[in-house]
Amino acid sequence: MERTRLTNQLTLAAQREALELSHLRKEMDLARDLQLGMLPPQGCLFAEHPDIEIATLMEPATTVAGDFFDAFFVETNKLFICIGDVSGHGLGAALFMARTVGLLRILANTETSPDDVLRRLNDSLTEGNEASLFVTMFCGYLDVDSGLFTYSNGGHCPPLLLQNREIHPIPMPKGVVVGVYPGRTYRNLSLQLEPGDLLMVYTDGVTEAENIQGEPFGVKGCQRLLGEAGQAPLNTLVNELRHRLRGFTSSQHLEDDCTLLLLRRRLVSGVREAS
């Protein structure tokens with residue numbers, strides 16, 4: 001009798017645990033859907049725009065991510081882009097990411113320069129940040145008519161530029177991570193993007209993905225991809241990077257969130273026809 005009662009108790013406990021786990025999974029799936037709904041759709045953005053081409057990728061290491069990207073017009077010919085990587089993983093990082101994205105969209109539309117966007121974002125995120133979470137971030141404004149790109153940096157890795165068949169990291173202004181130290185200031189730099197130039201902005205989940213020997217994919221892995229890019233559609237490059245990362249790591253599951261934004265100024269029709 002005692003053995004039967006114990007068996008029943010263990011069975012009920014196992015069932016409760018299974019139900020709680022199922023409920024948690026549903027909650028996490030809902031959190032993932034809400035998080036993805038905050039961001040632009042992955043793939044090609046502004047496909048019909050005559051001057052620019054953008055493609056994106058975001059693959060979280062867990063159900064929800066701490067990475068994010070965004071791209072939207074604040075004026076007819078002024079595009080804001082950003083990419084960020086929140087410290088840590090899981091639900092806490094995802095909530096901090098959601099707060100960051102919400103503030104960013106307000107600031108990008110009210111400020112005129114990326115250094116001011118980061119300065120005000122930093123001051124806002126430091127308030128009530130008892131967990132001392134932070135975000136590394138790169139952001140900038142592109143004049144799509146002239147190709148002038150003005151950008152600022154908060155502790156993020158340097159984007160790569162494919163220009164005149166050469167690939168190199170762009171110069172980066174110094175700037176601390178965002179969300180920990182109040183009262184910090186940031187700096188701007190400018191870059192002239194010519195028709196055909198391609199900018200690759202990414203989080204360190206791309207370059208730090210490791211193979212079974214513990215070797216990172218690295219900046220060189222990204223440079224090899226860009227070196228073969230030519231004027232291939234950016235969505236093709238995104239898919240190729242995803243394929244190479246999975247082949248390199250021999251896994252369908254990444255150890256860190258992996259996020260990428262590719263930005264290219266389109267070739268003018270005369271140049272395109274000549275090529």
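Helices are taken here as DSSP runs of at least four residues, numbered from the N terminus, and in the predicted model described below residue T207 is found in helix α4. With a relative accessible area of 11%, T207 counts as buried, because the cut-off for that class is under 20%. When residues up to four places away in sequence are not counted, T207 touches Y202, P216, F217, G218, V219 and C222.

An α-helix has 3.6 residues a turn, so residues three or four places apart point the same way.

Another part of the model is an open sheet of five strands, arranged in the order β3-β4-β5-β6-β9 and paired in the antiparallel sense. The edges of this sheet are formed by β3 (67–75) and β9 (188–192), each of which pairs on one side only. On average, and with direction ignored, neighbouring strands of the sheet are turned by 20° against each other. Strands of a sheet pair, in general, through backbone hydrogen bonds, either parallel or antiparallel.

Within the sheet, strand β5 (residues 135–143) pairs with strand β4 (residues 78–86) over nine antiparallel bridges, and G84 stands opposite M137 in β5. The bridge partner of F80 in β5 is Y141, while the partner of Y141 in β6 is T150, and these positions can be followed from strand to strand in the structure. Strands β5 and β6 also run antiparallel, joined by six bridges. Four residues lie between the strands in the hairpin of β5 and β6, where G147 takes a positive phi near 85°. Strand β5 is mostly covered, as eight of its nine residues are buried.

Helix α2 (residues 90–110) lies across β3, β4 and β5 and runs at about 15° to β3, whereas helix α3 (residues 114–126) lies across β4, β5, β6 (148–154) and β9, running at about 150° to β5.

The largest nonpolar core of the model has 46 residues, and those with the most contacts inside it are F68, F80 and L263. Helix α2 provides the largest share of this core, namely seven residues. For F80, the residues touched, not counting those up to four places away in sequence, include D70, A71, F72 and V74, as well as L104, A108, V117, C139, G140 and Y141.

The largest pocket has a volume of about 330 Å³. Of the 14 residues that line this pocket, L162, N164, R165, G196 and Q231 are the closest to its centre, and the elements that give two or more residues to the lining are β7 and α5.

Definitions and conventions
Residues are numbered from 1 along each chain as its sequence is written. This is a predicted model: local features need pLDDT of at least 70, side-chain atom pairs count only at pLDDT 80 or more; totals for chains, interfaces and linings use all residues. Side-chain values use heavy atoms; hydrogens and water are left out. Two strands pair if DSSP finds at least two bridges between them. Axes are lines fitted to C-alpha atoms, for helices over the stretch in contact, and angles run from 0 to 180 degrees between N-to-C directions. Contact means heavy atoms within 4.5 Å. A nonpolar core is a set of buried Ala, Val, Leu, Ile, Met, Phe, Trp, Tyr and Cys residues joined through side-chain atoms within 4.5 Å. Buried means under 20% relative accessible area, exposed over 50%, partly exposed in between (1.4 Å probe, protein chains only). On a 1 Å grid over the protein atoms alone, a cavity is a set of points where a 1.4 Å probe fits but cannot get out, and a pocket is an open set with protein on both sides within 12 Å along at least five of seven lines; lining residues have an atom within 4 Å of a point. Grid points are joined across faces, edges and corners, and a volume is the space filled by probe spheres set on the points.
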